Amino acid sequence: MDSVLAWLIITVIKILVILGIVLGIGAYLTLVERKVAAHIQRRPGPMVVGWHGLLQPLADGLKLLTKEDLFPRYGNRFLYNLALVLALVPATLVFAVVPFGPEFETFGIKVKPILTDVNVGLLLVFAFGSMAVFAIALAGWASNSKYALIGSMRKAGIVVSYEVVITFAVMGPIILAGTLSTYEIVQKQIEQKLWYIWLQPIAFVVYMFAVLAEMGRVPFDIQEAEAELVTGFTVEYGGMKFGLFPLVEWYVEGLSLSAIAVVLFLGGWSPINIPFLGFIDPLFFLGPLSPFVWFALKVTLLFLFILWLHWTLPRYRIDQITSTAWKVMLPLTFVNLVLTAVIAPLIWR
Amino acid sequence: MVKKVFEKPLSWLERILFLDFIRGLSITIRHAFRRTITTHYPYEKLTPPKRFRGFFGHKVVNGKEPQPAFDEWVERFKIKVEPGRSRCVVCMLCKRACPVPQLFEIEGEKLPDGRRRVSVFNMNMMLCTFCGFCVDACPVDCLFQSDIHETASYTRKDAVLNLELLERIGRDWQARREDEPDRIWIDDAQRQKLWYENDLKLPEVRR
């Protein structure tokens with residue numbers, strides 16, 4: 001009875017910590033994005049609210065909350081609100097299977113810093129990722145607007161093609177690790193003294209492309225396409241409802257997919273890796289905190305890389321995007337899969 | 001000599017290694033760590049060039065009028081010249097030059113001593129296109145355009161410039177910028193310095 005109670009308390013604490021971290025960081029990533037974009041364009045970005053604009057996300061949130069909540073005439077109110085929930089919940093749920101660090105012990109209780117270490121964790125991640133299509137399709141349909149509908153249909157087309165690609169891309173690391181549990185995959189990488197990016201560079205590149213497509217980032221931001229479609233499927237949303245879509249799509253989903261990329265290819269919380277030889281930890285002085293710092297550092301760098309790409313590249317056409325997915329990316333992942341299957345026994349020994 | 005018309009298509013090696021992506025990324029990262037080049041507007045303000053077409057003003061009589069044009073116009077219309085007041089001779093040439101003439105409301109008055117002077121000079125900025133034809137038309141260098149460009153107001157009435165306001169703008173301008181040279185002449189060393197600072201390669205600018 002006592003152990004059940006302890007487990008319950010720990011789980012609630014974990015949920016609160018993860019939700020707080022994810023939504024808080026998600027909100028603050030808007031500031032990071034604006035700063036990165038501004039400096040790439042040689043502007044300083046927000047500078048007025050707080051020191052170097054540090055309170056800007058709060059001001060933005062306050063402004064969005066006080067806006068009028070408009071609803072388009074002849075729209076479908078139920079689906080309109082359902083789309084919002086369908087966008088937010090699966091994107092946040094992905095963090096239930098992201099391992100933030102190794103198992104540690106406090107007050108005599110062993111705690112895994114992962115909400116649920118299910119043995120099909122990766123399957124859950126991509127199941128939740130696919131649900132984002134429903135949110136966007138519903139948002140476009142319920143808004144009763146041609147811009148929103150075109151944007152959501154484009155996004156649906158992209159996500160359907162890239163779901164296939166991303167699933168085959170992560171097949172390589174899964175074969176090497178021999179498990180679907182995210183925690184186990186990182187453990188296997190530490191045991192085998194190998195980040196899977198060294199053996200799976202093609203899968204990593206393809207995965208990054210698919211991440212850009214799923215997040216709706218440039219060069220695949222065809223569903224937003226400010227110049228053509230205003231802002232795509234969010235046109236008819238107002239106030240905080242409008243604020244939630246980019247928050248979910250660009251920041252929460254971006255963070256979760258970067259975290260999964262770190263888990264699959266960059267060895268999760270392990271320090272810098274020399275293939276097959278071992279790990280070098282320049283942050284050894286942090287002691288037991290070092291793995292958590294490494295994980296946060298890798299996710300941050302990967303996310304900043306995505307931002308960097310966004311503010312550098314131009315936009316592709318919809319037919320170019322889908323033909324790249326089906327004609328280039330998918331065959332590449334097949335080749336990668338065969339190669340991985342051939343070399344996998346060498347890793348398992 | 002070979003003239004380059006198009007970029008060559010990417011080779012296979014360049015496509016596989018994303019060399020075009022990397023080239024673009026290296027440019028943006030170099031710019032990201034350079035100094036920002038913006039003006040923080042409400043806190044810092046740029047001074048517009050002298051020929052900027054902003055709000056209008058009336059230059060006042062201060063002994064620098066264009067001669068002999070000013071004396072001729074004064075004699076013709078029997079204008080009363082007061083130092084420190086508008087140079088306007090009520091010739092209406094500005095109104096005739098204007099593409100929207102109804103924005104001008106100009107009236108003169110006759111003083112007891114038989115001389116005349118301008119009494120009403122209203123310009124409705126709501127209708128103005130800031131084309132500057134009226135400034136070109138002014139024969140006595142009275143009407144001019146200043147560097148005032150923050151022209152928002154709370155009521156439509158505030159957008160009408162009356163004689164008193166025009167004179168005030170003119171006095172302010174003559175105190176601040178009248179003696180400043182125009183930076184448009186090709187032999188102006190200051191102008192060349194401006195171009196040089198902007199790092200523009202114009203054919204007539206010698207480094």
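Colleague: Where in chain A is confidence lowest, and where is it highest?

Modeller: Start with the score: pLDDT is the predictor's confidence in each residue, from 0 to 100. In chain A, the lowest mean, 67, belongs to helix H9 (residues 226-229), and the highest, 89, to helix H11 (residues 290-310). For chain A as a whole the mean pLDDT is 84, with 98% of its residues at 70 or more. This is a predicted model, in which local features need pLDDT of at least 70 and side-chain atom pairs count only at pLDDT 80 or more, while totals for chains, interfaces and linings use all residues. As for labels, residues are numbered from 1 along each chain as its sequence is written, and chains are lettered from A and ligands numbered from 1 in the order in which they are written.

Colleague: How many helices and strands does chain B have?

Modeller: The general idea is that helices (H or I, at least four residues) and strands (E, at least two) are DSSP runs, numbered from the N terminus. Chain B has seven helices and five strands. Along the sequence they follow the pattern α-α-β-α-α-β-β-α-β-β-α-α.

Colleague: In what order do the strands of the open sheet in chain B lie?

Modeller: Two strands pair if DSSP finds at least two bridges between them. Here three strands make an open sheet in the order S2-S3-S5, with antiparallel pairing. Strand S2 (104-110) and strand S5 (160-161) of chain B are at the edges with a single partner strand each, so one side of each has no neighbour in the sheet.

Colleague: Which residues stand opposite each other?

Modeller: Take S2(B) and S3(B), which pair in the antiparallel sense over seven bridges. B:Glu109 stands opposite B:Arg117 in S3(B), and B:Lys110 stands opposite B:Arg116. The hairpin of these two strands has five residues between them, and B:Gly114 takes a positive phi near 90 degrees there. On to S5(B): two bridges join it to strand S3 (residues 116-124), again antiparallel. B:Met123 stands opposite B:Leu161, and the bridge partner of B:Asn124 is B:Val160.

Colleague: Which helix lies across S3 and S5 of chain B?

Modeller: For angles like this, axes are lines fitted to C-alpha atoms, for helices over the stretch in contact, and angles run from 0 to 180 degrees between N-to-C directions. Helix H6 (residues 163-176) of chain B lies across the two strands, running at about 90 degrees to S3(B).

Colleague: What does the radius of gyration say about chain B?

Modeller: That radius is taken over C-alpha atoms, and the globule rule is 2.2 Å times the number of residues to the power 0.38. A compact globule of 207 residues would come out near 17 Å, but chain B has 26 Å. Along the principal axes, its C-alpha atoms fill a box of roughly 90 × 45 × 35 Å.

Colleague: Is A:Phe95 buried or exposed?

Modeller: The rule counts other C-beta atoms within 10 Å of a residue's own, all placed from the backbone: buried means 20 or more, exposed 12 or fewer, and partly exposed in between. A:Phe95 has 21, so it is buried. You'll find A:Phe95 in the loop between helix H3 (77-93) and strand S1 (104-106) of chain A. Leaving aside neighbours within four places in sequence, A:Phe95 is in contact with A:Ile18, A:Val22 and A:Ser256. In chain B, 15% of the 207 residues count as buried.

Colleague: What should I look for in the backbone angles?

Modeller: Most residues other than glycine have a negative phi, and most peptide bonds are trans. A:Arg42 has a positive phi of about 60 degrees although it is not a glycine. Its place is in the loop between helix H1 (2-40) and helix H2 (56-65) of chain A. A:Arg42 is partly exposed, with 13 other C-beta atoms within 10 Å. Phi of A:Lys193, also not a glycine, is positive too, near 50 degrees.

Colleague: Which peptide bond is cis?

Modeller: The one from B:Gln67 to B:Pro68 is cis, with omega near 5 degrees. B:Pro68 is in the loop between strand S1 (56-58) and helix H3 (69-77) of chain B.

Conventions: Contact = placed C-beta atoms within 7 Å.
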